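Try each task before you read its solution.

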Amino acid sequence: MRPTVFPHESIGPASGEAAAWPGDVPGIQSVEVGLALFRLLAEGETPCGLSDLARRAGMHRAKAYRYLVSLARAGWVVQDAGAGRYDIGPAVRHLALSWLSSQDPLRLAGSEVRALSQALGETCFVAVRGQGGVTAVRVCQPGQGVSIGVAEGALFDLESSATGRVFAAWQEPPARQLAAALRRDIRARGLAMVEGEHVPGINAFSAPVLDGQGQLLLALTVVGHAASLRADPEGPAAEALRAAARRISAALA
C-alpha cells in the first residue's frame with residue numbers, strides 16, 4: 001500500500017529555514033497544562049491531596065483529576081490508596097537515572113575546555129589520574145594566536161605543575177610533595193597556579209572538578225605564555241576556569 005501524502009502539511013521547517021524553537025512554535029496546550037500540574041506536585045515537599053493541588057494550579061478539581069489519571073497511567077504520578085494523596089511516580093526515578101548515566105564527566109569537561117580555549121585564546125585541557133600519574137586526556141587548542149603544545153597522554157608532576165598540584169591538594173592522605181600551607185591555599189581558592197615554575201615563561205591555572213561527595217574526579221587546566229596569560233588568581237582567565245569547573249561539578253552532584 002502506498003503511503004498517503006498530505007502536500008500542505010509538514011512536520012518541521014522547510015529545507016534551509018531555521019526552526020523557531022520553542023517560543024514561536026505552537027505546542028499542545030493540554031501537554032503544557034499537564035506538565036505544569038506535575039511540576040507543582042514535584043516541587044512540593046510532601047504528597048498532596050487532589051483538592052489542594054487543584055487549588056494551587058488554579059484548576060477545577062475534576063479537570064486536575066483527569067490529568068492525574070493520565071500521569072499515573074504513564075508512571076509519573078502515584079496515589080497513596082489509604083490517604084488518597086498524590087506523589088511523583090517511578091518514571092521520575094528512571095528518568096533521573098537515565099540522565100545521570102549520560103552525564104559522563106569527560107564529555108562534560110571536553111565541552112567546557114573547548115569553549116574555554118576559544119574564549120581565552122589559550123590551550124586548555126582535561127587531566128585525570130591514570131596508572132602512570134596525572135595525565136592529560138583531552139587537549140583543546142585555540143583557533144588562532146600562539147598556543148602551547150600539550151600532547152594527550154602528557155604527564156604532570158605533583159610539585160611544579162598547576163595540574164599536579166590540584167591532584168596533590170585533594171589527595172588523602174595529603175601528598176608529601178605539596179607544602180601544607182600551599183595545599184590549604186589551593187583548596188581555599190579552588191585553583192592552583194604556577195608562574196613559570198614548570199616551564200620558564202609559561203603560566204598555568206588548574207581547577208578541580210568534584211563529585212557530590214567532594215572527591216576529585218578530574219582537573220581543568222589553562223596554560224599560556226606569560227605575555228598573554230597573566231599569573232593573577234583573581235583575573236578573568238582564572239575566574240572563567242573556576243566557573244567552568246563549578247558547572248561540571250554541579251552537573252555531576
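This is a predicted model: local features need pLDDT of at least 70, side-chain atom pairs count only at pLDDT 80 or more; totals for chains, interfaces and linings use all residues.

Residues are numbered from 1 along each chain as its sequence is written, and side-chain values use heavy atoms, with hydrogens and water left out.

**Exercise 1. The whole chain**

Find how many helices and strands the protein chain has, and what percentage of its residues are buried.

Solution. Start with the secondary structure: the protein chain has 8 helices and 8 strands. Here helices (H or I, at least four residues) and strands (E, at least two) are DSSP runs, numbered from the N terminus. Next, take burial: 37% of the 253 residues are buried. Buried means under 20% relative accessible area, exposed over 50%, and partly exposed in between, with a 1.4 Å probe and protein chains only. Last come the contacts (heavy atoms within 4.5 Å). Of those between residues at least 6 apart in sequence, 47% join residues at least 24 apart.

**Exercise 2. Helix α1 and its two partners**

Work out how α1 packs against α2, then do it again for α1 and α3.

Solution. First, locate α1 at residues 29-43 and α2 at residues 50-57; their axes are 10 Å apart and the packing angle is about 120 degrees. Axes are lines fitted to C-alpha atoms, for helices over the stretch in contact, and angles run from 0 to 180 degrees between N-to-C directions. That makes α1 oblique to α2. The classes are roughly parallel under 35 degrees, roughly antiparallel over 145, roughly perpendicular from 65 to 115, and oblique for the rest.

Second, list who touches whom: α1 brings L37, L40 and L41, and α2 brings L53, R56 and A57. By class, the contact of α1 with α2 has 5 nonpolar residues, no polar ones and 1 charged. In this scheme Ala, Val, Leu, Ile, Met, Phe, Trp, Tyr, Cys and Pro count as nonpolar, Asp, Glu, Lys and Arg as charged, and the others, Gly among them, as polar.

Third, turn to α3 (residues 61-73), which packs with α1 at about 85 degrees, the axes being 10 Å apart. That makes α1 roughly perpendicular to α3. The contact takes S30, V33, G34, L37 and F38 from α1, and A64, Y67, L68 and L71 from α3. It divides into 7 nonpolar, 2 polar and no charged residues.

**Exercise 3. The nonpolar cores**

Which element gives the largest share of the largest nonpolar core?

Solution. Begin with the core itself, which has 25 residues; V126, F205, V209, L218, L220, L241 and I248 have the most contacts inside it. A nonpolar core is a set of buried Ala, Val, Leu, Ile, Met, Phe, Trp, Tyr and Cys residues joined through side-chain atoms within 4.5 Å. Then see which elements give two or more residues: α5 (105-120), β3 (123-130), β4 (133-140), β7 (202-210), β8 (216-225) and α8 (236-252). The largest share, 8 residues, comes from α8. Leaving out residues up to four places away in sequence, I248 touches L108, A109, E112, V209 and L220. A second, separate core has 24 residues, including A127, A162, A169 and A219.

**Exercise 4. Around α6 and α7**

Is α6 largely enclosed by the rest of the structure, or exposed? Then describe how α6 meets α7.

Solution. Count first: 8 of the 8 residues of α6 are buried, so α6 is largely enclosed by the rest of the structure. Among them are R165 and F167. Now the geometry: the axes of α6 and α7 come within 9 Å and cross at roughly 95 degrees. That makes α6 roughly perpendicular to α7. R165, A168 and A169 of α6 meet L182, R183, I186 and R187 of α7. Finally, check the loop between α6 (162-169) and α7, where P173 lies. A cis peptide bond joins E172 and P173, with omega about -5 degrees.

**Exercise 5. Two single residues**

Decide for R184 and for S117: buried or exposed?

Solution. R184 lies in α7 (residues 180-189) and counts as exposed, at 56% relative accessibility. S117 is in α5 and is buried, with a relative accessible area of 0%. Beyond four places away in sequence, S117 touches E122, T123, C124, C140, Q141 and P142.
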